[in-house]
Amino acid sequence: MTDKTFYIETFGCQMNAHDSEKVVGTLVHSGYSQVETPEAAALVLYNTCSIRDKAEQKVFHRLDQFKRATGKGKVFAVIGCVAQQEGERIFERAPHVSLVAGSASYTKLPEMLVQLEAGNRRVIGLNLETAETFDTPFTRRDNPHRAYITIIEGCDKSCAYCVVPFTRGPERSRTSESVLREAAELAASRYTEIQLLGQNVNSYRDPSPAAWDFATLLDRVGRVPGIRRVRFTTSHPRDFGKSIVDAIDENPALCNHVHLPVQSGSIRVLDRMQRLYTLGDYMRRIEWMKKARRNISITTDIIVGFPGETEADFQDTLRLLDEVEYDSLFSFKYSPRPNTAAIAMDDKIPEEEKTRRITIVQEKQRAIQIRRNSDLIGKIEEVLVEGRNQALGQWIGRTSQNRTLNFTHRDAAAEPLTGKYLPVQVTRAGPNSLVGESMQCGVM
Ligand code: SF4
């Protein structure tokens, strides 16, 4: 390839977003330059998500649409979960694609690029048998203040509805030393917030002789000079130990927010989902957080309409929402995925019933969030300023609990506040965000 311009489009989760940052860095280090539109690029990459059927269809639709519009002479690459799941079938469905690579093969990306440049029409990286993680010193980060660090890749669980174990390979953790080094480098580059990532971030097991568990690593990252906030996502309830709550209590740099996906409030459905914990186990973890010294915000994921979910099971989920009073949740309609155990299960729930259930969940949760957010009116929260909404004349901040807090600042002509930490008094609350006023003219 003589023209070394590339465009990348990313679908899916934060792991994918961060993988794209690393892919971009790897490409730039190999002499490529990133452009803003697929039209301007010689190489077009789609980093894909297959967690739901809709996300997967979207990728093929984009590929098709784009090929018809401007495909001539361009090289197309499909990477990420759909690439791993569909493999060589992608070449049949979209013959204009030249590279297909799953995330477990990204360490081979430089070699694959060389093959592409040599004019190879079909380059494939689909090996899941790997003990490696995709570490690169060339990451191109999108956000100037918050940086992602992947500490564990893959998944060894086998939830009955989930494709991840088939698309991202087995769990493999980075050494604690390499994670701490990256955190220190980020602090030296003026990043103040770090988000530790993993499909099951708290299943982290340090492969080095230090053998730290997740809580120890979390605490140590929070003690790196210059780092003011550390977040982590996503936690698996089975591996969520009390030591994580203790670490949050002890170390103010650790954000007081935990995303702990429950998926269902029904003992029976959790069992069918093969989630590896009982409702009792889950509630014990909620209790640890509710009893913590710091006010820990708890959020979750819910799936409605899993095969065999009865009305009584669904009512159990609603009861759980009332009991825990989550600060936010992501709700999904069950979507059958290839290779998963649930695909063979009887008693599928009709689409309209799933829609009814998800609507009820969302309405209930909206009322809970209005109530919980209203409790914060009058309180002072520290925010990291993430940007500005010119139309509303407000700054956009994020609290340690991961709430959006839009605020006005007395000194309207002040220097840009983005990236600063400020105390803000909450004056109003909606279901999804807060509004407030900055408490000081200067910045921290
Ligand atoms: S723990 Fe379950 S839901 Fe999470 S990635 Fe692994 S298989 Fe999927």
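Reply: What follows goes through the sheet, the barrel, a helix pair and the ligand.

Reply: This is a predicted model, where local features need pLDDT of at least 70 and side-chain atom pairs count only at pLDDT 80 or more, while totals for chains, interfaces and linings use all residues. Residues are numbered from 1 along each chain as its sequence is written, and side-chain values use heavy atoms, with hydrogens and water left out.

Me: OK. In what order do the six strands of the open sheet come?

Reply: The order is β2-β1-β3-β4-β5-β6, and the pairing is parallel. Strands are DSSP runs of E with at least two residues, helices are runs of H or I with at least four, and both are numbered from the N terminus. Two strands pair if DSSP finds at least two bridges between them.

Me: Why is one side of β2 and of β6 left without a neighbour in the sheet?

Reply: β2 (33-34) and β6 (123-125) stand at the edges and each has a single partner strand, so one side of each has no neighbour in the sheet. Strand β5 (residues 97-101) runs parallel to β6 and is joined to it by three bridges. L99 has V123 of β6 as its bridge partner.

Me: Which strands does helix α5 touch?

Reply: Helix α5 (residues 109-117) touches β3, β4, β5 and β6, and its direction makes about 170° with that of β6. Contact means heavy atoms within 4.5 Å. Angles run from 0 to 180 degrees between N-to-C directions, and axes are lines fitted to C-alpha atoms, for helices over the stretch in contact.

Me: Now the barrel. How many strands close it?

Reply: Five strands close it, in the order β14-β15-β16-β18-β17, with mixed pairing. From one strand to the next the twist averages 50°. Strand β14 (residues 380-389) pairs with strand β17 (residues 421-429) in the antiparallel sense over five bridges. V383 has L422 in β17 as its bridge partner.

Me: And at what angle do α7 and α8 pack?

Reply: Helix α7 (residues 176-188) and helix α8 (residues 214-222) pack at about 25°, with their axes 10 Å apart. They are therefore roughly parallel to each other, a term for angles under 35 degrees, with over 145 being roughly antiparallel, 65 to 115 roughly perpendicular and the rest oblique. The contact uses S176, V179, L180 and A183 of α7 with L217, R220 and V221 of α8.

Me: Last one: which residues are around the ligand?

Reply: They are C155, K157, C159, Y161, C162, V164, P165, Q199, N200, H236 and R275, where near means a heavy atom within 4 Å.
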